[in-house]
Structure formats: structure tokens, C-alpha cells
Amino acid sequence: MKNIFKYLLRTPFSINLSRNLKHYYALKYKQTNKFKYFLLASKYKGKQLNQTMKLIDRNYSHLLNLKVDDNYINETSKIYVIWLQGEDKMTSLSKFCYQSILKNSGDKEVKLVTLDNLKEFNISLPDFIFKNLKNGKLSYTNVADLIRIMLLARHKGIYMDLTIYLFKQIDESLFDLPYVSINSNRIFKNPYNLANFDTMNFGQVYFLGGTSPRLYKLVEIVMLDYIKKHHKLPFYEFLYYVIEYFYLNDENIRNKINQLPTNNSDCEILSNYLDENDVINYSSKINDDTFFIKLSNKASYSNDFNKIIEMIDNKL
């Protein structure tokens with residue numbers, strides 16, 4: 001009971017109480033492998049989703065009728081990556097991923113976005129963003145999430161996290177679609193992740209883009225307004241819920257997202273198998289529609305990335 005109270009007392013807001021219970025029971029499942037914790041975590045996951053959607057609808061449903069320009073200035077599509085502190089401050093994993101994107105970018109220019117070159121991309125962060133970043137209410141991850149949305153609201157192309165290992169060129173046809181993300185029914189999720197994280201209709205925020213900026217313009221309005229009023233985001237996955245809200249409630253946006261063909265079916269298939277022995281022993285083949293593998297700076301990988309490359313090459 002003492003551990004449960006620690007999670008409950010992190011915040012007085014009911015939306016986060018649900019989130020903390022979800023995380024607590026998912027963690028207990030991971031530690032004990034008892035199915036009852038999986039069921040409890042799933043229960044609170046659904047509660048968090050419902051509460052968050054109600055919060056967004058209550059405060060931002062008027063945006064569904066907002067008229068915004070759904071076209072970019074005439075420009076060629078690019079690949080965008082973000083590391084706010086600059087290339088010199090990248091982790092070894094992110095440098096590894098960055099080099100893979102540069103190597104397999106084809107004829108697409110790769111643009112690295114940092115805090116120092118935001119003006120080059122017509123992005124101007126309000127003072128309250130820097131204030132809340134400085135006082136710790138916002139993390140660099142929060143700000144990077146915001147910047148990726150602001151970037152795609154202004155520029156045509158595809159954003160990729162620097163935890164993506166791109167082992168072959170992006171399917172060229174994706175750059176012509178109104179909305180781009182992954183579209184996979186085969187993403188590997190162990191029961192811990194199934195209990196802890198919600199499955200969204202739009203794909204994943206680590207790979208986003210398209211030729212239609214309306215969704216990103218609306219999401220930018222929501223995120224900036226919420227941070228201005230509350231000085232922080234309610235929880236890490238808030239961006240996911242905002243995009244999902246517009247998918248569920250805006251027919252035009254939903255139709256564009258639904259045009260997305262299946263791609264990167266197996267991009268997360270290694271997410272739970274990246275210690276040295278599991279990489280060597282992993283046996284499944286990678287589907288042909290997959291051109292990148294999602295990694296994580298939070299995982300305890302071997303520093304020998306050649307093993308990852310060798311394993312991928314062997315499974316193609």
C-alpha cells in the first residue's frame with residue numbers, strides 16, 4: 001500500500017492519478033508476471049484515455065471549426081531531425097541513428113533542428129516555454145515534442161526521431177501523402193507495454209509528416225495554450241492524445257490519416273530485444289515494408305552497434 005500511495009500522491013489531478021495507477025500496476029506486472037496487474041493497468045489506461053479526451057474536448061473542441069490554411073509554401077520535402085543541444089551533445093546511440101539517416105536519405109536533404117537554428121525554420125518559441133524549461137516544469141523532451149509539431153506545421157516533409165536506425169531509403173511514395181507515420185498491425189508489444197501504453201490510430205510521433213499541415217497547426221495551438229495556462233504538460237503522452245482527439249473528431253483529418261498504407265510493420269520488433277545476446281539470437285525475419293528500426297536511448301544496449309547492424313542485415 002505504501003508504494004501505491006507514492007504514485008497517487010505525485011499530483012492532485014485525477015487524470016494523473018489514473019496515469020500513475022496505470023504505471024504502477026504495469027510495473028508490478030513486469031516485476032511479478034501476475035495477470036491481475038495486467039488487467040488493473042489496462043483498466044486505468046482506459047480511464048486515463050477517457051479523462052484526457054474529455055479534457056481536450058472541453059477546452060479545444062472549438063478548434064474543429066477553425067479555418068486554417070492546409071497548404072505549405074511551395075518547397076521540396078525534406079527529412080527533419082531534432083537534437084536541441086546540437087550534434088556535439090548527441091548520445092552515442094543518436095549519433096549512430098543520425099548517421100544512418102544521412103546515409104540512406106537518398107535525394108532528400110536532412111535538416112538538423114537545434115535551439116540555436118530555430119529561426120531558420122520560421123519557429124519562434126514564446127518566452128514562457130524557455131521560462132518553464134529553465135525552472136524544470138518542462139523537459140527538453142517536452143520542448144522537442146512541441147518543436148516537431150511546430151516544424152511540421154510550417155514545412156513539408158518527414159520528421160524522424162534520432163532513435164530511428166534507417167537501414168534503407170524511405171519509400172518515396174510516402175513523401176506525397178497528406179499524412180505520414182507508421183502503419184503497422186504487427187508492432188511487437190509485450191504485456192507490460194500493452195498495459196502501460198495506449199494504441200493510437202494515427203501511428204507514432206517518432207515518425208511524422210505529410211503534405212497537409214492542418215493537423216499540426218491545430219495540435220500546435222493546443223500544446224502552446226495548455227503550457228501557457230498550466231506551465232507544463234499533464235503527462236508525457238499528452239501529444240499522442242491530442243493527435244488522437246483530432247483523428248476521432250475531425251473527418252477531414254481522419255480521412256487523410258486513413259490513406260496511409262501499411263509501412264514499417266516491424267519497426268519496433270527489436271524494442272524488447274536489444275541486449276547483446278537477444279540481438280544475436282533474434283530469429284524472426286523483418287517484413288519488406290520496414291525500412292527503419294526504432295531504438296531507445298533509455299534501453300541498456302551494448303555499445304557495439306555493429307551487432308545491431310549485423311542482426312538487421314541477417315533478418316532482411
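At roughly what angle do the axes of helix α6 (residues 140–154) and α8 cross, and within what distance do they come?

**View 1. Helix α6 against helix α8.** In this predicted model, where local features need pLDDT of at least 70, side-chain atom pairs count only at pLDDT 80 or more, and totals for chains, interfaces and linings use all residues, the axes of α6 and α8 come within 8 Å and cross at roughly 145°. Residues are numbered from 1 along each chain as its sequence is written, and side-chain values use heavy atoms, with hydrogens and water left out. Helices are DSSP runs (H or I, at least four residues) numbered from the N terminus, while axes are lines fitted to C-alpha atoms over the stretch in contact, with angles running from 0 to 180 degrees between N-to-C directions. α6 passes α8 in a left-handed crossing, a term for a near helix turned anticlockwise from the far one by less than a right angle, clockwise being right-handed.

**View 2. Helix α8 against helix α9.** The axes of α8 and α9 (residues 238–249) come within 10 Å and cross at roughly 135°, and α8 passes α9 in a right-handed crossing. The contact includes Leu-218, Val-222 and Tyr-226 of α8 together with Phe-238, Val-242 and Phe-246 of α9. Its residues divide into eleven nonpolar, no polar and no charged.

**View 3. Helix α9 against helix α10.** Here α9 and α10 pack at an angle of about 105°, with their axes 6 Å apart. Phe-246, Tyr-247, Leu-248 and Asn-249 in α9 meet Glu-251, Ile-253, Arg-254, Ile-257 and Asn-258 in α10. By class, the contact of α9 with α10 has five nonpolar, two polar and two charged residues.

View 4. A cavity is a set of points, on a 1 Å grid over the protein atoms alone, where a 1.4 Å probe fits but cannot get out, and lining residues have an atom within 4 Å of a point. The count comes to two cavities of 30 Å³ or more, and about 70 Å³ of space lies in the largest cavity. Its lining includes Asp-70, Pro-178, Arg-214, Leu-215 and Ile-253. α10 (251–258) and α8 (214–230) each supply at least two residues of this lining, and α10 gives the most, with four residues.

How values were computed:
On a 1 Å grid over the protein atoms alone, a cavity is a set of points where a 1.4 Å probe fits but cannot get out, and a pocket is an open set with protein on both sides within 12 Å along at least five of seven lines; lining residues have an atom within 4 Å of a point. Grid points are joined across faces, edges and corners, and a volume is the space filled by probe spheres set on the points. Contact means heavy atoms within 4.5 Å. Ala, Val, Leu, Ile, Met, Phe, Trp, Tyr, Cys and Pro count as nonpolar, Asp, Glu, Lys and Arg as charged, and the others, Gly among them, as polar.
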